[in-house]
Amino acid sequence: MPSDDDLVFRALADPTRRHLLDRLYERDGRTLTELESELEMSRFGVMKHLRLLEEAGLVVTRREGRQKLHYLNPVPIRLIHDRWIDKYRERQVSTLADFKSELEDTA
Amino acid sequence: MTTMTEQATQVYAVFIRATPEQVWDGITKPEFTMKYFHGTRIESTFEPGTPYLSLAADGDQQLVDGEVLESDPPRTLKHTWRALYDPETAAEPFSQVTWEIEPQEGGVTKLTVTHDRLEAAPKTAESVAGGWEYVLSGLKTLLETGKPLSNQGM
């Protein structure tokens with residue numbers, strides 16, 4: 001079974017799915033029909049991409065009356081950020097800080 | 001997320017390797033909320049009609065005002081929300097927060113937070129966007145590792 005991170009990275013590794021996330025970032029709570037109208041793709045294709053985004057937790061759906069609305073869920077991206085970006089950035093910052101103090105020491 | 005259009009309904013979800021009871025404790029007990037919820041203590045009996053308050057950990061300053069609307073441990077908690085930490089959000093009407101806890105396969109629990117009725121509270125909508133993801137990722141880390149996020153506890 002793939003881990004949560006695997007599902008998120010796989011979901012993000014596709015330009016159409018990233019485009020869908022950007023559309024939801026601009027305006028949340030949209031129907032399949034609305035999202036489909038902005039893409040040159042069949043309804044079935046958009047549904048398939050939305051399902052993968054939902055499985056990765058990047059999109060959450062809510063029923064409102066007869067409509068199914070899609071919401072962007074930024075939590076998995078935050079978790080990737082905490083796990084994969086923050087950690088390496090801290091290291092980079094401390095390397096730069098070491099470099100600075102080294103330069104200042106020799107000056 | 002200041003560039004995002006302020007949404008009147010915001011939905012956030014996280015999968016946590018914990019039981020629904022542990023997730024319920026995580027959102028209702030002050031000893032937990034202090035470790036991931038911007039360092040705040042939740043104060044409530046979680047009975048419908050009673051207050052839901054959030055207080056600064058290091059004092060009695062009240063940061064959030066609300067009332068419990070629905071409480072079904074360990075499944076659902078619904079309460080109103082008015083942020084007092086900023087005069088602009090404090091002047092806005094109450095919005096609503098719903099916590100839904102659903103067990104999944106493999107010892108995982110899905111927690112969904114819906115913050116809605118924000119139509120008349122644009123400053124609050126702006127203020128909480130970006131905040132909830134931080135709170136939920138902190139709760140996940142705390143329940144799964146027993147430790148707060150390294151950059152938490154402000």
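User: Where in chain B is F46(B) found?

Analyst: F46(B) is found in the loop between β2 (40-43) and β3 (53-56) of chain B. Helices (H or I, at least four residues) and strands (E, at least two) are DSSP runs, numbered from the N terminus. This is a predicted model, in which local features need pLDDT of at least 70, side-chain atom pairs count only at pLDDT 80 or more, and totals for chains, interfaces and linings use all residues. Residues are numbered from 1 along each chain as its sequence is written, while chains are lettered from A and ligands numbered from 1 in the order in which they are written.

User: Why is F46(B) called partly exposed?

Analyst: A residue is buried if 20 or more other C-beta atoms, placed from the backbone, lie within 10 Å of its own, exposed if 12 or fewer, and partly exposed in between. F46(B) has 17 C-beta neighbours inside 10 Å, and therefore counts as partly exposed. Its phi is near 60 degrees, a positive value in a residue other than glycine.

User: What makes R117(B) partly exposed, and where is its place?

Analyst: R117(B) has 17 other C-beta atoms within 10 Å, so it is partly exposed. Its place is in the loop between β8 (109-116) and α4 (122-128) of chain B. R117(B) also has a positive phi, of about 55 degrees, although it is not a glycine.

User: Why is α1(B) called oblique to α5(B)?

Analyst: Helix α1 (residues 20-28) and helix α5 (residues 131-145) of chain B pack at an angle of about 125 degrees, with their axes 11 Å apart. That angle makes α1(B) oblique to α5(B). Angles under 35 degrees count as roughly parallel, over 145 as roughly antiparallel, 65 to 115 as roughly perpendicular and the rest as oblique. Axes are lines fitted to C-alpha atoms, for helices over the stretch in contact, and angles run from 0 to 180 degrees between N-to-C directions.

User: Which residues make the contact of α1(B) with α5(B)?

Analyst: Q22(B), V23(B) and G26(B) of α1(B) meet L139(B), L142(B) and L143(B) of α5(B). Two residues are in contact if their C-beta atoms, placed from the backbone, lie within 7 Å.

User: How many residues of chain A are in contact with chain B?

Analyst: 16 residues of chain A are in contact with 15 residues of chain B. α5(A) gives the most to the side of chain A that touches chain B, with four residues.
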